[in-house]
Amino acid sequence: MKLKQRVVLLAILLVIFIFTKVFLLDNLDTSAANREDQRSFQRMMGSLRVELDPRLEHTLQSPWEIAAQWVVPREVYPEETPELGAVMHAMITKKIIKADVGYKGTQLKALLILEGGQKVVFKPKRYARDYVVEGEPYAGYDRHNAEVAAFHLDRILGFRRAPLVVGRFVNLRTEIKPVATEQLLGTFMAVGNNTCFYGKCYYCRETEPACADGDVMEGSVTLWLPDVWPLQKHRHPWGRTYREGKLARWEYDESYCDAVKKTSPYDSGPRLLDIIDTAIFDYLIGNADRHHYESFQDDEGASMLILLDNAKSFGNPALDERSILAPLYQCCIIRVSTWNRLNYLKNGVLKSALKTALSHDPISPVLSDPHLDALDQRLLGILATVKQCTDQFGPDVVLVEDRMTLSHL
């Protein structure tokens, strides 16, 4: 063989070797990532049921200090939280030392200060578990049980972007009224033998109070995020107009996602993938009301989209509002880790996992069976949507690697 031919042959063999090595390394990396996803899923499944135990591993810290230390730019709480039960136990049992009207918003809520200075948001029960909210997908009052269920779904999906929520019964006469501000106290009233209040908010009306069963009111308490992590509010790019007959651009422009990708903070960083994760989360819970969202302040698009205010969810189990998935089917991208987690939750695993996670809660049963069944049905719709995308564009385009190493110091 001539020297020139040998050089050409060696060059070809070298190229083949390099491509083979790169291919093998890519496969090894993907396989390792997939194995870690599987291990993460198994860890989550093993810790579904949270024991509400007041004991803390870090005895020199309060539960509030521990929860505050969990918060980092990409998580509200870490994957492994042995103290989660103790923090939630404190949210249920700590004495209420002050009660005030809720922070600004459209729906009735109260701001409570618990012993130790921890703020929580209390949302009262407005509906029975089997009540079906008719009308638009964002219709009706806030559902306190939806906040509880959404938090545990956040755990199951592995997002860890929702503040801690737990159910709690409060005695309005003995626990709230003695420590209530004049502003809140002025909204209390009696309806028959029941103590009620209507609070202060955009839609709060004296004619539409929330009423206890006698003096005892069922509700949810959401842990306030630490003040050292101020929030920044953003208009959701797939928000609705809330005006009859007026469509938002995304509702008629098939190329809308291309325009979103050219605007900050969606043109780089994790925010667009967070939007798509959130669309999946909202579709599962039936939340079509995320017109705005919050992130941590001055983050330049690097911090997570925080899953706050999930109470306009679980209203109608028979309604699958596909438009909630618009970010997914218009952009046709999804995190590989999210895709893996969704596949692990097929075949009834999601319903079973959420039912187990909710069984510990003081207001259990948190969801009716039709709502639990709807989760599995909606999961099939998400998987089918991703398959349509991969059929059209290929998995290499649709399935995006976006794994971030997180630390809790």
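Before anything else, a cut-off for myself: I call a residue buried when its relative accessible area is under 20%, exposed when over 50%, and partly exposed in between. I also note that this is a predicted model.

**Entry: a cysteine just under the cut-off.** I looked up Cys201 and found a relative accessible area of 19%, so Cys201 goes down as buried. Its disulfide partner is Cys204, with 2.0 Å from S to S. I checked Cys204 too: at 15% relative accessibility, that residue counts as buried. The link of Cys201 and Cys204 is right-handed, with 105 degrees about the S-S bond.

**Entry: the disulfide count.** How many disulfides does the structure hold? I get four. Counting the bonded cysteines along the chain, I wrote the pattern down as 1-4, 2-3, 5-6, 7-8. A reminder to myself: a disulfide is a covalent bond between the sulfur atoms of two cysteines.

**Entry: Cys196 and Cys211.** These two are joined by a disulfide, 2.1 Å from S to S. The pair links distant parts of the chain, with Cys196 in strand E6 (residues 194-197) and Cys211 in strand E7 (residues 210-211), 15 residues apart. Is Cys196 buried or exposed? Cys196 is buried, at a relative accessible area of 0%. Cys211, on the other hand, has 32% relative accessibility and so counts as partly exposed. The torsion about their S-S bond is about 105 degrees, which means the disulfide is right-handed.

**Entry: Cys257 and Cys331.** Another disulfide joins Cys257 to Cys331, and I have 1.9 Å from S to S. Cys257 sits in helix H7 (residues 256-260) and Cys331 in helix H9 (residues 326-331), so I looked at the gap: they are 74 residues apart, and the pair links distant parts of the chain. Cys257 is buried at 2% relative accessible area, and Cys331 is buried at 7%. With a torsion of about 105 degrees about the S-S bond, this disulfide is right-handed.

**Entry: strand E8.** Why do I call E8 largely enclosed by the rest of the structure? Because seven of the eight residues of this strand (residues 216-223) are buried. Next I looked up its partners. Strand E3 (residues 118-124) runs antiparallel to E8, and five bridges join them. On that side, Val120 has Leu223 of E8 as its bridge partner. Strand E4 (residues 165-171) is also antiparallel to E8, joined by seven bridges. There, Asn171 stands opposite Val216 in E8.

Technical notes: Residues numbered from 1 in each chain as written. Predicted model: local features only at pLDDT ≥ 70, side-chain atom pairs only at ≥ 80, totals over all residues. Heavy atoms only, no water. Buried < 20%, exposed > 50% of the residue type's maximum accessible area, 1.4 Å probe, protein only. Helix = DSSP H or I, 4+ residues; strand = E, 2+ residues; numbered from the N terminus. Pairing = 2+ DSSP bridges. Disulfide = S-S within 2.5 Å.
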